[in-house]
2 protein chains.
Amino acid sequence: MSNYVIGIDLGGTKISTALSDFNGNVVSQSIIATDAHEGEAAVLGRIIKTVEDVIENGKVDVVQVKAIGIGSPGPLDAKTGIIITTPNLPFKNFDLVSPIREKFQIPVYLDNDANVAAIGEFMFGAAKGTENMVYFTVSTGVGGGAVLNGKIYRGNTSNALEIGHATVAPNGPRCNCGNIGCLEATSSGTAIGKRAKEALESKVETSLRKYKSVTSAEVFAEAAAGDEISKDIIDNALNYLGIGVANAISIFDPEMIIIGGGVSKAGEIVFDKVQEVVNKRCFKNMAEACKIVPAGLGTDAGVIGAVALAIMESK
Amino acid sequence: MSNYVIGIDLGGTKISTALSDFNGNVVSQSIIATDAHEGEAAVLGRIIKTVEDVIENGKVDVVQVKAIGIGSPGPLDAKTGIIITTPNLPFKNFDLVSPIREKFQIPVYLDNDANVAAIGEFMFGAAKGTENMVYFTVSTGVGGGAVLNGKIYRGNTSNALEIGHATVAPNGPRCNCGNIGCLEATSSGTAIGKRAKEALESKVETSLRKYKSVTSAEVFAEAAAGDEISKDIIDNALNYLGIGVANAISIFDPEMIIIGGGVSKAGEIVFDKVQEVVNKRCFKNMAEACKIVPAGLGTDAGVIGAVALAIMESK
């Protein structure tokens with residue numbers, strides 16, 4: 001009987017693989033360096049090695065493993081199992097799914113980080129028990145995933161939930177993608193850091209000047225300490241994040257919005273402002289029906305999400 | 001064997017009911033006045049009468065009818081079959097589904113106009129053959145519906161796809177809903193008319209002054225005739241419609257966006273501008289993978305959509 005799954009969190013620095021039961025209880029885990037510079041074949045070999053390790057250390061037979069889920073940075077094609085390209089991994093238009101499926105003779109599913117995080121939160125994290133939820137990750141970039149009617153929603157080209165590149169400020173700052181006023185250009189950690197640099201290059205008085213180098217962390221810290229310029233930068237970024245979240249509520253009518261990623265770690269100031277904007281911009285009944293909460297999974301979110309992907313897709 | 005369904009398009013002025021096969025071929029149809037002033041019981045009775053008529057005139061037995069679909073103005077709760085309230089119908093918190101189901105002993109499904117239009121286009125209209133599509137209706141208001149993975153997506157409180165009340169202009173005009181810069185406040189026919197009135201109340205020179213009363217139709221006409229003020233108003237409204245559509249592409253990654261409703265009837269000028277904005281604001285691969293087209297169903301769209309609802313939900 002198949003009563004286990006395997007989740008693989010494929011990252012630029014490490015590969016984390018876990019054997020888990022269907023309740024997300026990890027039986028055995030293997031974490032090794034990615035060593036991406038060694039190339040496609042070597043990294044694939046290391047991935048396969050971690051799978052063999054967790055099966056052996058978990059004292060199970062491979063026939064007891066129902067499926068393998070892999071979370072990877074994108075862009076990738078979840079339907080074909082091909083990693084198109086990614087900055088910190090050696091894979092280019094590489095079919096990662098087939099060799100692993102052929103090796104172990106069990107179904108293998110691949111999806112991008114944001115979708116895997118969404119599935120993890122849906123199955124084992126803050127969104128457990130919901131049917132419709134949207135996950136925002138706000139860190140150096142802004143991404144997302146949505147579980148709709150209990151299934152991850154991928155869209156036509158596997159690129160759904162590019163919420164970081166929806167326009168929230170039609171005349172706002174230029175985004176790296178080329179567009180103007182993307183949520184990523186107004187509200188990512190990178191955007192907050194850019195606004196701080198612009199302030200420092202001007203003549204304004206700000207306590208940010210005491211730092212040698214300024215990222216969003218310093219701006220949050222100085223905002224909390226009362227620096228008006230930092231408060232303005234944070235308030236502006238969170239206002240647009242609030243618009244992005246409000247639009248997701250108007251569009252998806254979800255039970256829950258989860259905000260994860262580095263910027264969300266600033267805590268109350270983020271969630272209070274987002275909720276304020278949502279209350280102003282959404283229909284009252286829809287705003288009240290939707291909880292806006294931080295991610296529930298901790299440092300193992302990636303591998304637990306990959307476990308959840310394997311469970312969801314092999315149902 | 002059940003090889004027919006019945007669709008009911010419930011409107012403020014008329015009730016249109018059709019008996020159809022599973023390919024959307026109408027066998028018999030009954031159209032009668034709603035006479036909403038006669039109250040709940042009378043209108044319910046008239047709805048039931050149309051169902052009896054199409055069964056009789058179609059020369060089928062009621063056991064050959066698999067399901068009944070009803071499209072109605074909202075707000076309503078598709079899950080419970082209750083019409084909450086609607087300006088032009090007598091129903092208030094009225095369970096419309098149960099009495100019809102009890103009368104005919106077949107499943108009955110209720111949904112709002114925009115969702116029914118989306119399902120109709122998906123099954124028998126411009127989006128036939130797609131798996132993921134988003135429908136925009138742009139007329140006095142702006143609404144929408146989405147078919148995702150082949151099923152209508154309703155969300156948690158049956159209010160999904162309130163795309164008319166997603167924010168596209170954070171500092172834009174006030175919307176009737178209370179929010180600022182909703183798509184409905186920038187791009188509906190009503191919004192275009194309002195911008196024209198504001199222009200007429202100012203000192204600008206515009207050929208719109210020749211009309212006694214100005215709606216979006218006159219603004220489109222004068223824009224086509226070269227009036228600069230009208231061209232500005234239309235371009236501004238369509239720019240924000242383009243942002244709304246671009247955001248829907250970034251979020252849903254659909255195969256198709258359909259734009260229906262009165263404003264879409266202006267034709268090429270609408271679709272050209274929306275496509276231009278999408279090309280500027282979306283990832284190239286996602287923009288190229290998504291067709292943006294006018295609605296394919298004509299005057300019978302409401303009743304054909306209700307037929308499609310019955311087919312989709314009874315599958």
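This is a predicted model: local features need pLDDT of at least 70, side-chain atom pairs count only at pLDDT 80 or more; totals for chains, interfaces and linings use all residues.
Me: In what order do the strands of the open sheet in chain A stand?

Reply: The order is β11-β10-β9-β12-β13 in chain A, an open sheet of 5 strands with mixed pairing. Because β11 (151-152) and β13 (291-294) of chain A stand at the edges with a single partner strand each, one side of each lacks a neighbour in the sheet.

Me: Which strands of chain A does α7(A) touch as it packs on the sheet?

Reply: Contact means heavy atoms within 4.5 Å, and angles, from 0 to 180 degrees, are taken between N-to-C directions of lines fitted to C-alpha atoms, for helices over the stretch in contact. By that reading α7(A) touches β9 (133-138), β10 (142-148), β12 and β13 of chain A, its direction making about 160° with that of β9(A). Helix α8(A) lies across β12 and β13 of chain A, at about 165° to β13(A).

Me: In which sense do strand β9 and strand β12 of chain B pair?

Reply: Strand β9 (residues 133-138) and strand β12 (residues 256-260) of chain B pair in the parallel sense, over 5 bridges, and Tyr135(B) stands opposite Ile258(B) in β12(B).

Me: How many residues of chain A are in contact with chain B?

Reply: There are 37 residues of chain A in contact with 37 residues of chain B. The size of an interface is often given as the accessible area lost when the parts come together; with a 1.4 Å probe and summed over both parts, the area buried between chain A and chain B is about 3200 Å², 52% of it from carbon and sulfur atoms. On the chain A side, Tyr153(A), Ile251(A) and Arg281(A) lose the most area to chain B, together 21% of what that side buries.

Me: What is the count of salt bridges between chain A and chain B?

Reply: A salt bridge is a side-chain nitrogen of Lys or Arg within 4 Å of a carboxyl oxygen of Asp or Glu, and the count between chain A and chain B is 0. Over all chains, however, the count comes to 22, including one in which the closest N and O atoms of Asp53(A) and Lys49(A) are 3.1 Å apart. Those residues are 4 apart in helix α1 (residues 40-57) of chain A, so about one helical turn separates them.

Me: Where is Pro75(A) found, and what kind of peptide bond joins Gly74(A) and Pro75(A)?

Reply: Most residues other than glycine have a negative phi, and most peptide bonds are trans. The bond joining Gly74(A) and Pro75(A) is cis, with omega about 0°, and Pro75(A) is in the loop between β4 (65-72) and β5 (76-77) of chain A. Lys59(A), in the loop between α1 and β4 of chain A, has a positive phi near 55°.

Technical notes
Residues are numbered from 1 along each chain as its sequence is written. Chains are lettered from A and ligands numbered from 1 in the order in which they are written. Side-chain values use heavy atoms; hydrogens and water are left out. Buried area is the accessible area (1.4 Å probe) that two parts lose on being put together, summed over both. Two strands pair if DSSP finds at least two bridges between them. Helices (H or I, at least four residues) and strands (E, at least two) are DSSP runs, numbered from the N terminus.
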